Amino acid sequence: MRNNSMSKLISIAMWISALSCSVLAACSSPGKIEGKTDVQAAQTASAAGFVTVSGTAAYRQRIAMPPDAVLTVRVEDVSRADVSAPVLAQTSESFGARQVPIKFSLQVASAAINPSLSYAVRATITVGEELRFTTTRNYAVLTRGAPNNIDLVLDAVPSAVSSGEAKVMAELKNTYWKLTELDGKKISMAPTQAREVHITLASEGSRLIAFGGCNQLAGGYVQDGSKLRFTQMMGTLMACESPFMELESQVLKMLGATTSYRIESEQLTLLGGDQMLARFEAVYLK
């Protein structure tokens, strides 16, 4: 009888000891929270305040980039066309041994995203300080039903030198520039169109003289090196049929977003930051 009681006491003591060890082990092992390790828990906490924007960047030309070529990808607030686009996230990395398509991933702070605004991904490829490729289309992300995983196609930036021969360089000022490309789309004159869309930057008085597709436009411009900005835009108030009014609206938006320019041979490119906004061709009037 005594032996049975002693056995029960020993069993109870062992059970209490095991229970105590279990409780102590749980209290002293913060690495496992709901089955997660320390690293997993930290990753979850870090990712909770961010949205991932990812995808690939490529171009269509069969051209290999050198190892020091740099791919830069940005997520920008593109809600306003008249100001430089604020950057929410950016990543830059060298090609190294890789070639396109190259994967990218950016973390955008959730607190910085406004559902009522518009955001887009833009990318460039540079070698040294020379821009080789850039996105020319709008790649929307984050809001208004846009995806957060996107494949970017970059367009080549025309070279000022072709086949090793230097070409004649048109002048920015006092040249009649005919619009040939706008927002990545080729522009041609319609049969019912009064005249082609064009701009001329007069050196006298820094005046802009232009035709937007429907109305005669005028304004001013400020040039400092490769930097270029159009100001005080105004125009006649003629109403035109579609699609000429829509075209003119796009032209005005493009002029308002311009921050710099580049001339290769007889082609003028207007840029907003690193984004190619429009291309023009020099026309020599007889």
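In the predicted model, a disulfide (a pair of cysteine sulfur atoms within 2.5 Å) joins C214 to C240, with an S to S distance of 2.0 Å. By this rule the count comes to 1 disulfide. The torsion about the S-S bond of C214 and C240 is about 90 degrees, so the disulfide is right-handed. C214 lies in the loop between β14 (207-211) and β15 (216-224), and C240 in the loop between β16 (227-235) and α3, so the pair ties together parts that are 26 residues apart in sequence. Helices (H or I, at least four residues) and strands (E, at least two) are DSSP runs, numbered from the N terminus. C214 is buried at 6% relative accessibility, whereas C240, at 24%, is partly exposed; buried means under 20% relative accessible area, exposed over 50%, and partly exposed in between (1.4 Å probe, protein chains only).

Residues are numbered from 1 along each chain as its sequence is written. For this predicted model, local features need pLDDT of at least 70 and side-chain atom pairs count only at pLDDT 80 or more, while totals for chains, interfaces and linings use all residues; side-chain values use heavy atoms, with hydrogens and water left out.

Strand β5 is joined to β6 (residues 130-134) by 4 bridges in an antiparallel arrangement, pairing being assigned where DSSP finds at least two bridges between two strands. T126 stands opposite L131 in β6. The two strands, β5 and β6, form a hairpin with 2 residues between them, and G128 in the turn has a positive phi of about 65 degrees. Strand β6 also runs antiparallel to β8 (residues 149-156), to which 2 bridges join it; the bridge partner of F133 in β8 is A156.
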